[in-house]
Amino acid sequence: MSPIRISILGAGAMGSLFGGLMAEAGHAVELIDVNPAQIAAVREHGLLIRNDAGKRRVAIPIKRPEEATRQPDWLIVFTKAMHTQGALAAARHLIGPQTRLLSLQNGLGNAEKLMAFADASRIAIGMTTVPADLVAPGEVHSHGESKTRVVMADGSENAALAALAAALDAAGLPCTVDPDAVVAIWEKVAFNVALNSLCAVTQRTVGGLGAAAEGRRLAHAVASETLAVAQAEGLAVLAERTHATIDHALDHHGGHKPSMLQDLLAKRPTEIETLNGAIVRAAERHGIAVPRTETLYALVKLAEHAA
Ligand code: NAD
């Protein structure tokens with residue numbers, strides 16, 4: 001497998017993990033970020049990765065956008081959704097005529113944001129169940145099984161995407177090109193709209209939410225609203241599969257604080273716009289009522305303002 005030139009835009013938890021594992025597998029990876037603490041730690045000590053394969057350090061270049069000059073084969077966007085446009089604008093010079101873009105960010109609207117910077121024929125999107133935590137600057141943890149599904153934004157078959165998926169797979173990040181990746185994106189959005197906003201508003205962990213019958217009922221009811229919107233969009237989402245994933249998380253991810261709760265506690269903006277916000281707007285287009293999602297959207301916005 002010939003090495004792929006990959007730049008990761010947003011080298012936090014996910015960017016560090018994907019970038020680190022791809023670098024370890026022999027690909028030419030460059031991390032791009034704006035966080036001084038992360039940049040200093042990776043420059044000084046390399047990236048410390050801890051996952052099921054063990055703990056090790058990976059030497060990997062990390063740059064601010066304005067320091068980077070290489071136009072990669074793939075630019076993988078791993079900022080939080082609200083930073084995508086600003087990050088891409090500052091990294092516009094890295095998008096050459098051959099550069100392809102991939103977003104594995106949560107939420108809706110990622111492809112549309114990337115399309116302001118490259119033709120749809122060079123954009124891929126996807127859904128990943130890989131979990132990652134940046135436990136300290138330069139130190140990323142992940143564990144457990146995962147699956148990543150990717151597809152070109154225009155639905156076309158693409159040899160470069162197939163090669164990237166195979167490379168991710170070989171690097172320990174199981175990945176397939178899947179024409180139904182958009183269905184997977186929406187099912188994960190249903191999951192995140194429910195659990196992220198409910199945990200954020202109630203300041204409870206996923207297990208805390210699952211401990212009360214009311215919490216479980218509400219989580220499923222909120223997810224059902226997103227699934228109804230997805231069906232109106234013509235997507236073959238599977239309600240049973242989504243509700244089973246939610247039950248699994250409520251039962252087994254006890255101590256987990258979803259990123260939206262972590263962001264609110266740290267007084268940072270959240271990804272509410274690309275989750276509940278996007279569902280409220282899509283529901284409006286279809287004339288569907290999503291009262292719980294809308295209420296949670298307003299409550300998280302209120303909490304963001306208060307913070
Ligand atoms: P994170 O906050 O850990 O990392 C985001 C990084 O982007 C930070 O290092 C930040 O400094 C950087 N950034 C911000 N503005 C930038 C700019 N202008 N230029 C360059 N870099 C910039 O977030 P994360 O947890 O890695 O999540 C990234 C995305 O992946 C989100 O959409 C999230 O929902 C999604 N996701 C996360 C997980 C997870 O387990 N962490 C799992 C699946 C999907």
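This report covers the overall build of the protein and some of its salt bridges.

The model is predicted: local features need pLDDT of at least 70, side-chain atom pairs count only at pLDDT 80 or more, and totals for chains, interfaces and linings use all residues. Residues are numbered from 1 along each chain as its sequence is written, and side-chain values use heavy atoms, leaving out hydrogens and water.

**Overall build**

The protein has 12 helices and 12 strands. These are DSSP runs numbered from the N terminus: helices are H or I, at least four residues, and strands are E, at least two. The C-alpha trace spans about 50 × 40 × 35 Å along its principal axes. Of the 307 residues, 51% are buried (under 20% relative accessible area; exposed is over 50%, partly exposed in between; 1.4 Å probe, protein chains only).

**Salt bridges**

Side chains of opposite charge can pair when their charged atoms come close. The whole structure holds 15 salt bridges (a side-chain nitrogen of Lys or Arg within 4 Å of a carboxyl oxygen of Asp or Glu).

| Pair | Closest N and O atoms |
|---|---|
| D73 and R5 | 3.1 Å |
| E24 and R56 | 2.7 Å |
| K63 and E30 | 3.2 Å |

K63 sits in strand β5 and E30 in strand β2 (residues 28-32), 33 residues apart. K63 is partly exposed at 24% relative accessibility. E30 is buried, at 7%.

E24 forms its salt bridge with R56. E24 lies in helix α1 (residues 13-24) and R56 in strand β4 (residues 54-58), so the pair ties together parts 32 residues apart in sequence.

K80, D263 and R268 are linked in a network of salt bridges.
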